[in-house]
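The sequence and the structure come first.

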Amino acid sequence: MSMKAKERAYLSKSLFIRGLQCRKSLYLHKFHPELRDEVSEAQEALFQSGHEVGAYARQLFPGGFEVPYENLSMEEQLNLTGEKIKRSTRILYEPAFSYDNVFVKADILRKARRGWELYEVKGSTGLKEEHLSDVAVQYYVLKGAGIRVSKASVVYLNKQYVRNGDIDPSALFVTKDVTQAVRDKQRFVTDEIAKMRKALGKGVPAIDIGERCEDPYYCDFYEHCWQHIPEYSVFDLDGRGRVKPFDLYRQGIVELRDAPKEILSKKQNIQLESFLQKKKYVNKAGLKQFLDSLWYPLYFLDFETFSCAVPAFSGTRPYQNIPHQYSLHYLKRKGARLGHRAFLAEPNIDPREELAGNLVNEIPDNACVLAYHASFEIGRLEELAASYPRYRKKLQGIVENVRDLEVPFRKKDVYHWKMKGHSSQKCVLPALVPQLSYEGMEISNGGMAVQAYFRMCESQDQSEIKAIRKALLDYCKLDTLGMVRILERLREMA
Ligand code: SF4
């Protein structure tokens, strides 16, 4: 590659955004894409939901012409865009522009009296700093390509919007004028492009892992860059503690066993000691206080939910968690036989009312309801109470009786070194009840459960629907059975 070509290496909008987060990510993406992590089903789903948001945003600017990605080279997209602009097309979706060897596709471009209005559509529920860089690089390219941009805006989801019948795009979105902020960033864009090109010409940048690996986006070279971190490392330490894991890492302390106990917080020291002695830690007084707050009948509740960027049902907001399944183990009194109930909605219906009706029938008014990370279950119960007045009183009663099984772990009244600093059920269960495992199950985590539910909604094949239903019921049942077993272990410890 000649020096000149290196200086003007090809960039696109997404490469620019990637390069802002990390030069190494930009380099690896361009020259070693084979090192990228596999795209998860959940990420694919996010991509799909972005399409849906984009489609609704176009309804704010109807009648536009789309410059497609499929079957057209970049050159052809650029030519088609130029042609449409020459022919006075007033609204363009995905028009393509190139300047200074930087290629961008805008979401929506509208001809106005004083020039063109640029709209960038985001599936988030607020304006973020990274959105400004995204629009700023588009502005840079459009201006360079001779397009007079009179206004630049970010269009994002209005989190207060409540669907009522058909989607109302004018209420679903917020349009924020960012013209001035984007103009103020032009110098920054030019400088960054030059720096990125320089970095691309020098081999893999010597950049170590850092907070940037997850900020603003979860980097897709994570596994590659973090492979030198051992199984038990300083990154297991409670990040809210006095000492930040990255502070230790930057001092060359990587192994958890090497963490200096003198400077750690109390909770971090509990973790370290437990790890060094390969023993669990129990604060009996704290644990007893928690156990004393429970009573019989005792119900173990877990919801499965899904959420959509564009609300799927009337009465719901963007990204609202919709409960469509629950599992309920119960002990009517001390020593009683363990019972189990479950609910899983039929596909493609609003599951909430039927779920709420079943739940209030199954949980007695006086029951103690145990959930894991209970704020989630409480949030869903409160939303159901707000949506269905006939169940409100009962649901509010359940909310008052909810206790959180995560509390002893979050407070570090109980800690097992295999929990690796976490208090989530997925980390606590294998440490305390290794015989109960999600391994080998068709569905083994919440993300897979959501994708399976969506697959069930799309399927026309009755045998597939039946198989997914069974896998979903098995998965959710294990969640509450896990809670039952964890509580048994806690009682033994106390
Ligand atoms: S994982 Fe971190 S260091 Fe590696 S490329 Fe991504 S952001 Fe950069």
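Helices (H or I, at least four residues) and strands (E, at least two) are DSSP runs, numbered from the N terminus. This is a predicted model, in which local features need pLDDT of at least 70 and side-chain atom pairs count only at pLDDT 80 or more, while totals for chains, interfaces and linings use all residues. Residues are numbered from 1 along each chain as its sequence is written, and side-chain values use heavy atoms, with hydrogens and water left out.

1. Cis peptide bonds. The bond from Asp215 to Pro216 is cis, with omega near 5°. Pro216 belongs to the loop between α9 (186–200) and α10 (222–225). A cis bond also leads from Tyr296 to Pro297, with omega near -5°; Pro297 is placed in the loop between α13 (284–292) and β11.

2. Positive phi angles. Ser88 is not a glycine, yet its phi is positive, at about 65°. This residue lies in the loop between α5 (74–86) and β3 (91–93). With 53% relative accessibility, Ser88 counts as exposed (buried means under 20% relative accessible area, exposed over 50%, and partly exposed in between, with a 1.4 Å probe and protein chains only). Lys278, also not a glycine, has a positive phi of about 50° and is found in the loop between α12 (266–277) and β10 (281–282). Its relative accessible area of 42% makes Lys278 partly exposed.

3. Helix α14. Which residues of helix α14 are buried? In this helix (residues 352–362), they are Arg352, Leu355, Ala356, Gly357, Leu359, Val360 and Glu362. These buried residues pack against β11 (298–306), β12 (322–331), β13 (339–344), α15 (374–387) and α16 (389–400), where contact means heavy atoms within 4.5 Å.

4. The residues around the ligand are Cys22, Ser25, Asp208, Arg212, Cys213, Cys219, Phe221, Tyr222 and Cys225; a residue is near a molecule if one of its heavy atoms lies within 4 Å of it. This shell divides into six nonpolar, one polar and two charged residues. For this division, Ala, Val, Leu, Ile, Met, Phe, Trp, Tyr, Cys and Pro count as nonpolar, Asp, Glu, Lys and Arg as charged, and the others, Gly among them, as polar.

5. Leu276 is part of helix α12 and, at 38% relative accessibility, counts as partly exposed. From C-alpha to C-alpha, Leu276 and Ala145 are 62 Å apart in space, and they are 131 residues apart in sequence.
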